[in-house]
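Let's take a walk through a protein model together. Keep the picture open beside you and find each spot as we come to it.

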Amino acid sequence: MNIFFAFLLKYRNFLVNLTTVCAFIALPYWVFNGKLFIGGDDTRLIYSYPWEYFKALSFFSWVNLSSVGTFSPNQFSFPFALTWTILFSIFKSRVVIDYLSFSLPLIMGFIYLQKLLKEILTDASYGEMYTSSLLYVLSPIMITNQLMVFLMSAWLIGLAPFITWAFVKFVKTYNFVYIFISMLVSIFLSLGFFGLPWVFGIIIPLCVGFSVAIFFYPKKFIFFYIKKTIIFFGLLISSQLFWLFPFAATIFIKGGNSFADLFKVANTFRATVLQTSTGNITYPLLNLPNRQLTIDYTWPLRDIFLQYYDKVFIFGTVFIIIIFLGIRYIQMYRNEGQRKIYYLFFISFLVSLFLFTVNIGPLKDVFLWLGNLPGFFMFRNAYDKFAPGYMFLYTIIFGLSLNAIRGKNPKLYIKLLIVSLGVIFIFLIPIKQIVNGPAWTTKTTQKVITFPQEYFDFLLQVKNITDPTGNILNMPLNIGGYAIIKDATTNNVFAGTSPTKFFTGINDFSGYLSFSPTESDKMWNYINSKDYGALREFYYEYNVNAIMVTKNIPSEMKHSYLFFNGSLLKNQDDALISEITDKKILVSTKDNYELYSVKKPNIAFHMKQGYFQKISPIKYRVYMHVSSQEKLTFLESFHFGWNLFLEKYHEPLCNNSPIRISEGVKECKPADSLFDIDELSYGFGHAIFSKSHAQTSTYKNTWIIDLDFIKKNYNTSYYRQNSDGSIDILLTVYFFPQVYFFIGCLVSVVMLLISVSITLLYSKKRNK
Amino acid sequence: MKVKTIFKRLLNKTLIEWVLIPLFLLILCYFFSLFFNRNHTLSTFVYPHSYKEYTHFPSDGFLIKNEYVRGEFQAKEDNLGIIAVKTTLNDDINKQYIEFRVKEKQSSEWYYDNTYPAQSINEGGLLIFGFPKISNSRYKQYVFEIVSLNGNGKNKIKLVSRYDSFTTRYIYLGKNLSSKLIYLDLISRKIAALLSYPDELFWSVIFTFPTIFYLLLIGPIGTYIIVPCRKWIVRALGIKITFDRKIVLKLVILLLITLDGVLLKDVYYGVTIDLFQLWLLLIVKYKIRHTVSLLFSFIFLMISEFFMIPSWILNENKIAMWAYFFLAIAIVQLIINEIKNKSHVFFKD
């Protein structure tokens, strides 16, 4: 017995941490009741359907996800999607991998904030480390801002303390192994870094705060730190180049008059700031989110405030007391080094508090003025973008303050520690209602579901009978690009960007955001004025070849914000469906989903005569019969990145077995390929007819293929000469910016190898 | 004589106290006048337009459902990006939706069209409509319209008929300011613009108060004003009173700040910035400890927490604002102390 207690005593800190980590793993099972936590703008399907996500979104720079195609690379998600695919092959449970992804940032944040505090404070006690890290991951601010929506930025909960810890360790030891570990973890969790505004929300206050260091430390010391900072973050950023490269290309390579450029966002910085920055610093200091905002916008959180937080907010005073006592005691009872660190973090904290709150008298105008800086526009909803950064600094200050109090008054420290832990748990009580709350503007419809088998069976059949290069119109249309899929047994719904592409590989259009604003307005005008002829022509232009109708959307969702309180459904009636469809071609087993063909189908390529085959979303092969100057039209959003490459001619493989024939063009069965080694050659290859590349209609790509040019500049291996003087050629239509992804990958791998080499070199030197 | 010696002689205490610091305060005054000003900011030019430039005006001046106001004006500069309309909209009106649109007069299509809740673009009675700036707007005729979508007897906006019924703003950002000469040109034109706008000139005066206060503080106020006053009070009341000028000033400023925080519901930038500067001046002059600022920050935070309970009518945002300022001042004081105590490490190897 004594040995058992001795063991408990010896490893008590480890056991407490282990228990807490187990609680974090169990948390989603309790919160979500075994259903998948999916939906929203980024669907969160990467956590439960990683392979489907990888194929549809992670690998390619050209994306159609319930919208017309855009140059919006998502390669930041590809290491995670691959890792999670492997994990799924081990666990064979979507719920397990989905829930693990929910717990992982909490576990990382919890562990590495403790490690970070241990590095900052030489005499940190376990009590202050544990309480601070628990406060960090379980703060109502973090829960409402990150866990409730669980965007990619939620990974910053774990990444922020981890990277800071690795950086501090590197600065202290100059051991490159910390850079190497950081690079590996950052590659795996690169999707967290894609939340750039949140990343800057952490970096900006830290940079401002730590710039005060020039008054504290000698010049030599500062340059020494700067050098190490550049090495650490330089290598870290280089590990992210595989997605940063193509991402940067989206900024520098514009698509001309492309669809992508039609999404010109009006400058709403000022209006958004004025509308949303209505709170004050008191709630954040009490460790609570902005109450005023929840009231103004009737968020589901509003009810939780009215019923719960309004009654218990006063307990948060303990956090304010600890911070103020910390300021008082740090000056009196801590050494110079600790004081300086404290002040640097405190200035960062004050900056973060201002940026998170904004509404601080004249400082609000300063924030509005900052909106003039290029890129600052991304912080228009500051209450969101600066929240993780604020909580990170808040908890560090909290930990440092507790440490200072312990130095002055250990008894008071114990009391405050216990009360703090109590308040953390008091504030945590409504976590289930917050994270698993009802969809916005509904009262009972929750957002966690299990996809019904009926839906999967139906989509499988849709995949088999629908044109793979056409588009599906997903009705009823809503204000976003969302699909509403009802749970098999409850009234819960998946309400998020339509997952049709993930499960069928075929793109769909499902709402206002599926088209450019001008085109969407046009479509809704046709619907509201019942101009069905124009509407049919509109869908023909956008290559809509099938219409899918969902019939079991819960009534509460039909009256939600997604359908403008139901008003959007007014004209989406049976008359509309019968006018734009030809015949019903598929019905799901329980009659909840229907598929219709359209009266006038279209095809992805228009030319006089030829074949085409989809190889991947960024690559098509076109076998074209050219008799003089011929027009080639590609029904995909115009972008200068789409290029033609002339290949050595060979007979089309699907010569006798096309899957579709329309308007003289035959479509071959798609190859469904991810990557071909010859794609690398396009980086050095010479695109042809680029000068004739132009936009027709509102979005399509067109080239003029010139017979004489080909004959003059290419030998006969590039074309087949016909007896009438015409030629047959093989063209590859390739989205060139995909190459930047390959270059980025190469650089990232090289930099990773360099860091490994340096690590080994240094460890050898150390051993000597 | 060496330049260093001349410089040292020139830079004596009197010069710093009587010239440099007041000059610095006046520069701050000008900066604040421009920065914390609804009309004139650092990066914008503002020109007032008279009500005569309204070509359609609601008969009684009220914007209610389907009523609209239409204005026509000639742009004075390039980079037209904001039109601000003066109203008597107050905080109680918050359910009115309005549509704003603007275009070049000859154009058949609106350049920009958007709908807003009036309250969201209201800044103290000014309805501020921003739109993507028009880079080549100078000397062109523009038309704008504001239509009320759901105004009624309760939710109505009263338009103002005066010489500055609406203002047009021209946004000059960093990339436009590539040359130092352009900066000088802009600054001189901004001063001229500020001087030509009487309302703004009047409101700018408030920012000179810290300068006046400072001059009184270092001047013979004690000898010629406070001492005779004290004598007069003693004679009049027949009692003997002694007080420390430092404590009195400290209490007066803190009382004013408390009154501003608790009594004035709205934020008046002039008042806030003046009181903020006055507190800083006192700290510098009388070496007030950081604990005072810290204590007041805590007190204000507790008051703000208390006022958060619904149905209180006081402005807890403003009290929290002062809590933040006091906290920031306390931390800066601590940092300065740290630097002073260890001045040998300041940028020395």
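This is a predicted model: local features need pLDDT of at least 70, side-chain atom pairs count only at pLDDT 80 or more; totals for chains, interfaces and linings use all residues.

**A guided tour**

Start at A:Val665, which sits in strand β18 (residues 665-667) of chain A. Helices and strands here are DSSP runs, numbered from the N terminus, with at least four residues (H or I) for a helix and at least two (E) for a strand. A:Val665 counts as buried because its relative accessible area is 1%. Buried means under 20% relative accessible area, exposed means over 50%, and partly exposed is in between, using a 1.4 Å probe and protein chains only.

Residues are numbered from 1 along each chain as its sequence is written, chains are lettered from A and ligands numbered from 1 in the order in which they are written, and side-chain values use heavy atoms, leaving out hydrogens and water.

Next, hop to A:Asn543, in the loop between α29 and β9 (544-550) of chain A. With a relative accessible area of 1%, A:Asn543 is buried too. What does its side chain meet there? A polar atom of the A:Asn543 side chain lies 3.2 Å from the backbone oxygen of A:Thr469.

Now for some charges. A salt bridge is a side-chain nitrogen of Lys or Arg within 4 Å of a carboxyl oxygen of Asp or Glu, and the count over all chains is 30. One of them joins the side chains of A:Asp310 and A:Arg291, at 2.7 Å from N to O. A:Asp310 belongs to helix α18 (residues 301-312) of chain A and A:Arg291 to helix α17 (residues 291-296) of chain A, so this pair ties together parts that are 19 residues apart in sequence. Both A:Asp310 and A:Arg291 are buried.

Compare that with A:Asp573 and A:Lys530, whose side chains form a salt bridge at 3.7 Å, N to O. This pair links distant parts of the chain, 43 residues apart: A:Asp573 is in the loop between α30 (555-558) and α31 (574-580) of chain A, while A:Lys530 is in the loop between α28 (517-528) and α29 (532-541) of chain A. A:Asp573 is partly exposed, at 24% relative accessible area, and A:Lys530 is partly exposed as well, at 40%.

Over in chain B, salt bridges link B:Arg70, B:Glu99, B:Arg101 and B:Glu145 into a network.

Let's finish on the surface of chain B. Which residues gather in a patch of positive charge? They are B:Lys13, B:Lys285, B:Lys287 and B:Lys340. Patch residues have over 30% relative accessible area and no salt bridge; like charges are joined within 9 Å, and nonpolar side chains (Val, Leu, Ile, Met, Phe, Trp, Tyr) within 5 Å. B:Lys340 is in helix α10 (residues 316-341) of chain B, and its 57% relative accessibility is why it counts as exposed.

There's a nonpolar surface patch as well, of about 590 Å², made by B:Val205, B:Phe209, B:Ile212, B:Leu216, B:Tyr224 and B:Ile225. Its largest share, 3 residues, comes from α5(B). B:Leu216 lies in that helix, α5 of chain B, and is partly exposed at 39% relative accessible area.

Methods
Accessible areas come from the Shrake-Rupley method with a 1.4 Å probe; for residues, only the protein chains shown count as cover. Lys and Arg count as positive and Asp and Glu as negative; His and the chain ends are not counted. The place of a charge is taken as NZ of Lys, CZ of Arg, CG of Asp or CD of Glu. A polar contact is a pair of N or O atoms within 3.5 Å; within protein, one must be able to donate a hydrogen and the other to accept it, and residues adjacent in sequence count only if both atoms are side-chain atoms.
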